[in-house]
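Colleague: Could you pick one residue and look at it closely for me? Please then show me the rest of the chain around it.

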Amino acid sequence: MILSDDVVAAGAVLHQRGTVTAWQRFAYDSRLAQAGDLFVALKTERADGHGFIAEAVAAGASGVLCVYPPAHLPANITVLTTSDVLETTSRWASLRVRSVAPTIVAVTGSVGKTSTKRAIATLLGADGPLFSSPRSFNSPLGLSVALTGLGDADRWAVLEFGADRRGEISQLATLFPPHVGVVTAIGAAHLAAFGTLDGVAREKGALIRALPSDGWAVLNGDDPLVRTLAHHTQAWVLTYGSGPHCDVWYSNVDYQLDGTTFDLNGHSDGDAPAGTTRTGRDTWSLTVRIQPLGLTGVQSALAGVATAIACQIPLETIIARLPLIEPAPGRLRPLRAHGGATLIDDSFNAAPPSMLAALDTLRNLPARRRIAILGEMSQLGEASAYYHEQIGRQAALLADVLITKGDRATQIAAAAREAAEHAGRIIQITPVYTAASAIAALPADLGPGDVVLVKGSAEARMERVAAGLLALDVPPDAVLVRQERAWRRLRIGTPDRPTTLRIDLDALAHNTRRLRELIGVPLMAVLKADAYGHGAVRAARTVLLNGATMLAVATLSEALTLRTADIAAPILILGYTPPWQVREAVAGGITCTIFDDETAQALQAAAAGMETIAQVHIKVDTGMIRLGLGPDAVPAFIERLQDLPNVRVEGMFTHFATADEEDASFLTAQWLRFNTLISDLERAGARPPIVHAANSAAGLRYPQTRYDVVRAGIALYGLDSSATAPVPAGLLPVMSFHTEIAQVRPVPAGTPISYGGLFVTDRPAQIATIPVGYADGFRRAPATWQAVLVNGRRAPVVGRVCMDYTMIDVTDCGAVLRGDPVVLIGSQGDDEISAEQVAAWLGTSNYEVVSAILPRVPRESLEEG
């Protein structure tokens, strides 16, 4: 129970006494607030909780702890003020712990903290009331929130100490002084914060240095960096590990899908404990079984045993309670998957040591096929590529199927492909970007005997993959992590800039499948201009998984970008490839468009030199007057190409100039010319195997133009070809454009805004600055972007758009704070600004709007929660 008087004792001031002055818990997120909560208005790098006080009160919070109270807060709400909300919250929790005075067992380490905490709590639970911090609440805020559950009679408090910044472990040890400190491992986690493994060791070692002389340090004796901590503590030391160099150790591990059996061994100065077998003059051994899987489960259980021994729990009691240790959600937890397969859900988080441990568990479990779905690992700093490649090499040696999810995880796929080839292993490797695509990439015959490991960092949201794999009668909310409503709306991780493009690859996948259904012939996905600004590599992998069979780009450089990303599908360069570039194209297995003899001869020479065949498509100009041969010149050109043994005419195509116009007469004329040519070539036996003419608009509107393949471009991205050729109902926009408020300030009437002072306010106004400008593709001239969305309302752009910033009038948008989200293209609340509307403002096409958003705007892969 949180009493207002206790919060005042922790440093707050009672600003307004409401009807409730005692609360069940702290709420730090307005989306999680409920009746009986005291809402703490935290100000973080990402947001200011003061802007969400009204939302928290509406959700049921009856008290608020804040720096500055909002105006017009109802009189029945208790308001406490302080200069530092987090410090006051932490001080309240520290005072609460000191008043109850439980024996504190603190657990830290690079991996395995939560599982070890659960094992310790299970074993100590036989010795009276116990508090264990829930989930992974391991920061000053998290533990302060969690400790509202500490009971007056609790004898033990088992707390998890985490750190993602320097000095955090020391801060926690000061707030909640431990009597027993447990260090599970020191490895490559949070390297972005601590730099090196030695830096990680110094941070984790703060826990051991804080122990009293009558306390206990319980250390992983197999970890060299953890072992060194024994020299930096005045406390007693107890070690656990894999052999008799430790005080307790394991041996003879037997891996099964329903648990793990191993021999528990220890040193003894007297008689062997009851139920054990003496294996030497000073050692004993006992075979035990636990529910958690693999070596990580064994290590967590062993840490629990060592801690319980340090806490003077009888060994007989410890052994009796070992089978009660349950695997934590998202930590190597076996679950029933669809088709009768087994899901090993390790989706909570990932660092290199835990990823390697999970793969080792997969290797040792009995299975018909071993399938690994691996997401990217975060917070690895400059060492990120090294560790992702390390994981890929390991996965290649044990997995039969490897699916990777996310940009950085493509490094896992690339390293695995190379390692598998070197080892002579055949392994199916598929990089994807969304949970839906990961599930779609699984073998179609997934069934009994298949074991599927799902693991990745919290940012990778691998629990979404796990949810899609569960058997239909297993409710995700009951067994998986991050299933609360707030998590479905939360973005984890920090993008490179506050201004981002969010690319909904699930929408792209849906659009690809739907277009394939509507058009009825194979799709060639057009990815020119970086997939119309959407990101070509991600788009390529997505469309290929969902029905596209070929890819098209405008230039050789665009094609090479895809090949460098290990995309092996056929790629056609639609545009002009000069003769001096054809050697690179042939070497990359890239199909060129040709319409002249000089380029054809260059292709012949390049292909002959490489002892290969150059594939080409002939471009026919039927009326666009841009590139290509006239229809009359094509038969003779094909005949000349037959004299080039290393050049193969795979295809022929034209392009319609007016496919998206209301008047179809010119398109019909072009089609008749092209169709006549095709008929002539068929009679001569010279028709190329692949004939194509239709872009998105023609393919959807004119079935006669579809031929062997349709070049789907703008429609793939859910955008209209034109006002007269909209995309079919059900196709979804793939891109949305976002930024946030950088500053808000009141200005009086008559204030000039931005360069030149051409715009002058005609009323007192609230002017906000957003960090987006014409260097991002947010157009300045000759016409400008007219408005953006803030709080679901339109805020007009005022003054000239600058290179990096734009000013908007948010006077009519309600309370607006720094960090509030702003939508430039997309929906917010009940309003939407589409690319088509922006194009109308700018006097251009939606093609230009999306393609002109420049590369310095990060593209984030978005998936539904």
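Modeller: Start with S354, which is found in helix α12 (residues 352-364). Helices here are DSSP runs of H or I with at least four residues, strands are runs of E with at least two, and both are numbered from the N terminus. This is a predicted model, where local features need pLDDT of at least 70 and side-chain atom pairs count only at pLDDT 80 or more, while totals for chains, interfaces and linings use all residues. Residues are numbered from 1 along each chain as its sequence is written, and side-chain values use heavy atoms, with hydrogens and water left out.

Now the surroundings of S354. Its relative accessible area is 16%, so S354 is buried. Buried means under 20%, exposed means over 50%, and partly exposed lies in between, using a 1.4 Å probe and protein chains only. Leaving out residues up to four places away in sequence, S354 touches V111, D346, N349 and K455. A contact means heavy atoms within 4.5 Å.

Compare another helix residue. L302 sits in helix α10 (residues 294-310). Its relative accessibility is 0%, so L302 counts as buried. Its contacts, apart from neighbours within four places in sequence, are Y240, G241, V248, W249, Y250, F262 and L264. D477 is 175 residues from L302 along the chain, and 30 Å separates their C-alpha atoms.

Next, take a strand. Strand β10 covers residues 156-160, and five of its five residues are buried, so the rest of the structure largely encloses it. Look at both faces. W156, V158 and E160 are on one side, A157 and L159 are on the other, and all are buried.

Which strands pair with β10? Strand β8 (residues 103-108) runs parallel to β10, with five bridges joining them. Two strands pair if DSSP finds at least two bridges between them. V105 has V158 of β10 as its bridge partner. Strand β9 (residues 130-132) also pairs with β10 in the parallel sense, over three bridges. There, F131 is partnered with A157 of β10. From β9 the chain passes through helix α5 (residues 140-146) to reach β10, in a right-handed β-α-β crossover. Right-handed means that, with the strands pointing away from the viewer, the path from the first strand over the helix to the second runs clockwise.

Charged side chains come next. The whole structure has 33 salt bridges. Each is a side-chain nitrogen of Lys or Arg within 4 Å of a carboxyl oxygen of Asp or Glu. One of them joins E87 and R91, at 2.4 Å from N to O. These two are four residues apart in helix α3 (residues 85-100), so about one helical turn separates them. E87 has a relative accessible area of 42%, so it is partly exposed. R91, at 31%, is partly exposed as well.

Now a pair set further apart in sequence. R497 and D776 meet through their side chains in a salt bridge of 2.7 Å, N to O. R497 is in the loop between α18 (485-489) and β24 (500-504), and D776 is in the loop between β37 (765-770) and β38 (787-790), so the pair ties together parts 279 residues apart in sequence. R497 is buried at 19%. D776 is buried at 0%.

The loop between β37 and β38 comes up again. E848 and R779 form a salt bridge of 3.1 Å, N to O. E848 is in helix α29 (residues 846-851) and R779 is in that loop, so this pair links distant parts of the chain, 69 residues apart. E848 is partly exposed at 37%. R779 is buried at 19%. Salt bridges also link R368, R369, D445 and D450 in a network.

Finally, step back. The protein chain has 29 helices and 43 strands. Its radius of gyration is 32 Å, close to the 29 Å from the globule rule for 865 residues, so the chain is as compact as a globular protein of that length. That radius is taken over C-alpha atoms, and the rule is 2.2 Å times the number of residues to the power 0.38. The C-alpha atoms fill a box of roughly 100 × 75 × 45 Å along the principal axes. Of the 865 residues, 56% count as buried, as S354 does. Among contacts between residues at least 6 apart in sequence, 67% join residues at least 24 apart.
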